[in-house]
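Let's walk through this model together, one question at a time. Have the sequence and the 3D view ready.

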Amino acid sequence: MKVLVCISHVPDTTSKINFTSDNKEFDKNGVQFVINPYDEFGLTRAIWIKEKQGGTVTVLNVGKAETEPTLRKALAIGADDAIRIDAEPTDAFYVAQQIAAVVKENNYDLVIAGRESIDYNGGQVPGMLAALLKWPFVNGCMGLELDGNKASLIREIDGGKEKLSASLPLVIGGQKGLVEEKDLRIPNMRGIMSARTKPLNVKDATNGDHRTSVGNYEKPAPKSAVKMIDADNIEELVNLLHSEAKVI
Amino acid sequence: MSDNTVQATRFLKGGEFLIRDVSSDEVFIPEDFNEEQRMMAEATTEFIEKEVIPERERFEKKDYDFTLSLMKKAGELGLLGISVAEEYGGLGMDFNTSMLVCDRISGVSGSLSTAYGAHTGIGTLPISLYGTEEQKKKYLPKLATGEWMGAYCLTEPGAGSDANSGKSKAELTADGKHYKINGQKIWISNAGFANLFIVFARIEDDKYLTGFIVERTFDGISFGEEENKLGIRASSTRQVFFNDCLVPVENLLGERNGGFKIAMNALNYGRIKLAVATLDAARRVLTHAVQYGNERKQFGQSITEFGAIQQKLADMATYTWVAESATYRAGQDIENHIARLKEEGASLSESKLKGVEEYAIECAIMKVFASEVGSYVSDEGVQIYGGMGYSADAPMESAYRDVRIARIYEGTNEINRMHSVGMLLKKALKGELDLMSPAMKIGGELMEIPSFDTPDYSELFSEEKEILGKLKKSILMVAGKAVEKYAMQIEEEQELLMAAANMIIEVYAAESALLRAEKLSKQRGEEKTQTEIDMTRLFLYRAVENVGRAGREAIYSFAEGDEQRMLLMGLKRFTKLQNPINVTETRRRIAKRVVEANRYPFTI
Ligand SMILES: Cc1cc2nc3c(=O)[nH]c(=O)nc-3n(C[C@H](O)[C@H](O)[C@H](O)COP(=O)(O)OP(=O)(O)OC[C@H]3O[C@@H](n4cnc5c(N)ncnc54)[C@H](O)[C@@H]3O)c2cc1C
């Protein structure tokens with residue numbers, strides 16, 4: 001089983017978000033980057049597959065050199081090798097094209113991406129990738145079992161779950177449920193040391209087109225102060241909702 | 001001269017910082033950690049956040065099993081074998097990496113910190129350093145993976161600071177196959193669950209103790225109840241009794257009569273590790289304090305808007321950052337020396353031993369400084385929380401109690417203060433460190449008329465470096481005169497030794513801060529190093545005041561008449577600030593950075 005896990009390099013969820021260059025660019029200053037949490041569930045699942053059924057796990061990122069520590073962390077957690085496609089991941093279609101080119105060269109049985117990246121939350125790459133490869137695609141995937149070249153999958157749908165089956169090769173957009181939070185692995189020290197010697201191949205980007213470009217970003221208005229009203233004082237609450245908040 | 005000898009003569013020897021300045025390119029700063037070391041630190045923090053913090057109240061309920069289970073998990077992650085050689089199942093990482101991991105694992109609770117320190121430091125290390133090949137093969141893999149837990153039995157009811165006065169006896173049995181150990185050990189960390197004990201006992205009327213490796217399952221070993229302690233409540237601490245405990249002769253550690261040396265060398269390690277073990281606790285306390293303070297409103301504003309609170313935040317951040325600068329600087333000096341000795345052909349254990357021993361002075365003063373910074377920071381942390389600081393439901397209360405032990409174990413801070421000055425004097429006497437000629441020169445310098453030229457201070461820190469140089473001179477002047485007066489009787493003048501140690505500590509800490517800020521500003525420009533520059537200046541201001549006070553106290557006490565006047569004049573000249581910083585404004589700027597970041601802002 002050859003599994004490719006697509007890894008986004010995203011700001012830690014506790015980061016302060018700011019923009020520079022006229023609100024056109026995210027300010028990376030002082031920001032800690034991590035493996036996209038959705039991808040980390042997928043990576044852990046991929047390692048389980050390898051441990052149970054044998055095979056290899058390759059991790060891939062489209063990004064500049066600054067993302068390599070994130071890839072090396074994935075290697076430390078247990079991936080066998082890594083690929084970095086040397087390009088700015090600015091447009092989903094462009095990124096999908098880059099990944100598709102690598103997949104076509106390498107005969108993967110399964111590509112696991114996250115349902116979305118928590119930085120820009122585009123949620124498009126795995127779908128586009130599947131389309132470019134003409135492979136089946138299951139998004140919001142929260143369960144995956146493999147049997148030969150058959151996959152049984154569980155997808156999250158509004159208010160419930162959908163059970164599906166598909167044949168390999170396959171692209172999934174994964175999320176929690178592939179493994180649980182408690183299953184995520186802290187890289188152990190030996191893993192970290194061995195990451196040093198595992199291959200991390202840097203590839204030039206292939207030609208691709210950017211189908212979108214960013215205008216600028218806007219932050220939500222800061223939350224205003226909260227007024228606490230005693231639970232016994234319903235009258236005042238009604239009063240305030242009427243006279244101050246003007247919602248009733 | 002070959003390149004090698006240039007190198008060998010250039011490195012800053014232990015204690016030499018008092019008489020020689022180094023450039024910032026030559027010192028290690030925490031920002032120099034490489035990606036792999038950072039990843040190890042991050043993984044350790046992840047372990048703390050995921051496995052420890054959610055259940056942290058178990059520590060306060062004296063849940064020793066919790067501590068043990070965490071130690072086992074730490075073992076699975078490889079955190080117990082960082083500095084054990086690879087051939088014995090460890091990772092064989094360098095000294096500063098082991099410091100960094102110790103830093104990160106120790107911040108959340110003194111209970112885990114103590115269990116970790118007792119196991120990896122004094123429990124495992126003596127075997128790494130002094131064990132025979134068989135002993136290493138037999139025990140290190142078990143200790144490095146956490147299959148076994150280690151402990152260290154030195155202290156006895158009648159032998160604490162005076163460790164070599166222990167009464168425990170080891171007697172060779174008639175068949176020559178065993179030592180029979182009898183005695184009582186007290187305050188033994190990890191005793192409740194340790195599988196292996198490094199035990200010190202005296203053979204016949206030897207001058208010094210001898211070390212032994214004792215397994216829990218050997219006959220004749222028994223345990224007292226868990227001690228009721230102020231803090232580190234889930235760290236197991238018990239008495240250990242040896243009643244005709246039979247230990248195979250092959251379990252003698254090192255040489256007969258060599259145990260005290262083992263104990264002392266393990267302590268050198270233990271001390272600097274303890275220093276680094278207080279850092280993350282201080283960072284976490286500061287982070288909690290500023291987060292609480294930003295939320296807490298009184299008189300219609302966040303309490304972090306009050307100058308009285310900002311002052312605390314600024315000092316807490318500064319001292320923590322300075323302690324960080326100095327411990328990792330010393331840590332890398334140790335690592336470099338280990339590498340140097342290995343290159344010269346010494347064995348790994350020999351290099352590790354001598355590498356740390358060379359910087360025993362720095363180890364001792366960092367233990368004192370960092371533990372006192374930790375105490376100060378947690379005390380102010382309680383204060384910023386106000387009434388909530390006194391509540392066991394908020395994190396300050398346990399932090400405050402836990403850090404207190406750091407000033408007591410691994411040699412009390414008094415013992416370490418005296419020890420650091422004692423070692424310096426010994427190095428001077430042995431001719432390893434020429435303190436005398438620079439001290440003599442100062443006498444001459446004081447006779448000269450001071451220059452009235454306006455110096456050029458345009459380059460960053462040029463004035464601060466001059467001040468540091470003068471602080472060093474203050475120490476040499478005061479200590480030089482004191483030694484001249486008391487000669488070897490100076491050992492009896494403990495107050496003087498305390499004063500000298502305090503001066504030395506301030507100078508090493510201030511210099512380490514300055515070198516770190518300078519190196520950073522060379523790398524990323526002054527503008528982006530503003531807070532670090534401010535912290536350096538704030539700390540230097542403190543150092544000048546403290547060196548001045550300690551120096552005056554000493555001079556008032558041991559000198560009289562003309563000599564006293566002369567010394568006081570010299571001290572005044574050496575501790576005079578030409579262009580003092582605006583202390584309040586400096587503190588406010590530092591506090592602003594902390595308040596805005598809403599956490600300890602200098603992640604390494
Ligand atoms: C929680 C805890 C865990 C410990 N873990 C271990 C362990 O795992 N293994 C182990 O072997 N030990 C351990 N210890 C023992 C610890 O190292 C000793 O408590 C410490 O060295 C001090 O010895 P003491 O308690 O006998 O105090 P004392 O030596 O009686 O000191 C009392 C006071 O007198 C001062 N004093 C003593 N001698 C002098 C002097 N010559 N000049 C000036 N002042 C002096 C001291 O500084 C101190 O302030 C632990 C202690 C505690 C509390």
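Q: At roughly what angle do the axes of helix α3 and helix α4 of chain A cross?
A: This is a predicted model, in which local features need pLDDT of at least 70, side-chain atom pairs count only at pLDDT 80 or more, and totals for chains, interfaces and linings use all residues. Residues are numbered from 1 along each chain as its sequence is written, while chains are lettered from A and ligands numbered from 1 in the order in which they are written. Helices (H or I, at least four residues) and strands (E, at least two) are DSSP runs numbered from the N terminus, and axes are lines fitted to C-alpha atoms, for helices over the stretch in contact, with angles from 0 to 180 degrees between N-to-C directions. The axes of α3(A) (residues 92-106) and α4(A) (residues 125-133) come within 8 Å and cross at roughly 50 degrees.

Q: Which word describes how α3(A) lies to α4(A)?
A: Angles under 35 degrees count as roughly parallel, over 145 as roughly antiparallel, 65 to 115 as roughly perpendicular and the rest as oblique. The crossing angle of roughly 50 degrees therefore makes α3(A), relative to α4(A), oblique.

Q: How many nonpolar residues are in the contact of α3(A) with α4(A)?
A: Residues are in contact if their C-beta atoms, placed from the backbone, lie within 7 Å. The α3(A) side includes Phe93(A), Ile99(A) and Val103(A), and the α4(A) side includes Met128(A) and Leu132(A). Ala, Val, Leu, Ile, Met, Phe, Trp, Tyr, Cys and Pro count as nonpolar, Asp, Glu, Lys and Arg as charged, and the others, Gly among them, as polar. With 1 polar and no charged residues, the nonpolar count is 12.

Q: Which residue does a cis peptide bond join to Leu168(A)?
A: Most peptide bonds are trans. In this cis bond, omega is about -5 degrees.

Q: Which helix gives the largest share of the side of chain B that touches chain A?
A: Here 14 residues of chain B are in contact with 12 residues of chain A. By class, the chain B side has 8 nonpolar, 1 polar and 5 charged residues. The largest share, 8 residues, comes from residues 35-52, helix α2(B).

Q: Are α2(B) and α5(B) roughly parallel or roughly antiparallel?
A: Helix α5(B) covers residues 95-105, and its axis is 8 Å from that of α2(B). Their contact includes Met40(B) and Ile48(B) of α2(B) with Leu100(B) and Arg104(B) of α5(B). They pack at an angle of about 20 degrees, so the two helices are roughly parallel.

Q: Between which domains of chain B does the ligand lie?
A: Domain bounds come from an automatic or database domain assignment, and chain B is divided into domain 1 (3-14 + 261-414), domain 2 (35-149), domain 3 (152-259) and domain 4 (434-449 + 462-597). Two of these give residues to the shell around the ligand, so the ligand lies between domain 1 and domain 3.

Q: Which element of chain B supplies the largest share of the shell around the ligand?
A: A residue is near a molecule if its C-beta atom, placed from the backbone, lies within 6 Å of it. Of the 21 residues around the ligand, Leu154(B), Gly160(B), Ser161(B), Ser189(B) and Thr412(B) come nearest, and the shell divides into 11 nonpolar, 8 polar and 2 charged. β1 (150-153), β3 (178-189) and α14 (413-429) of chain B each supply at least two shell residues. The largest share, 3 residues, comes from β3(B).

Conventions. Two residues are in contact if their C-beta atoms, placed from the backbone, lie within 7 Å.
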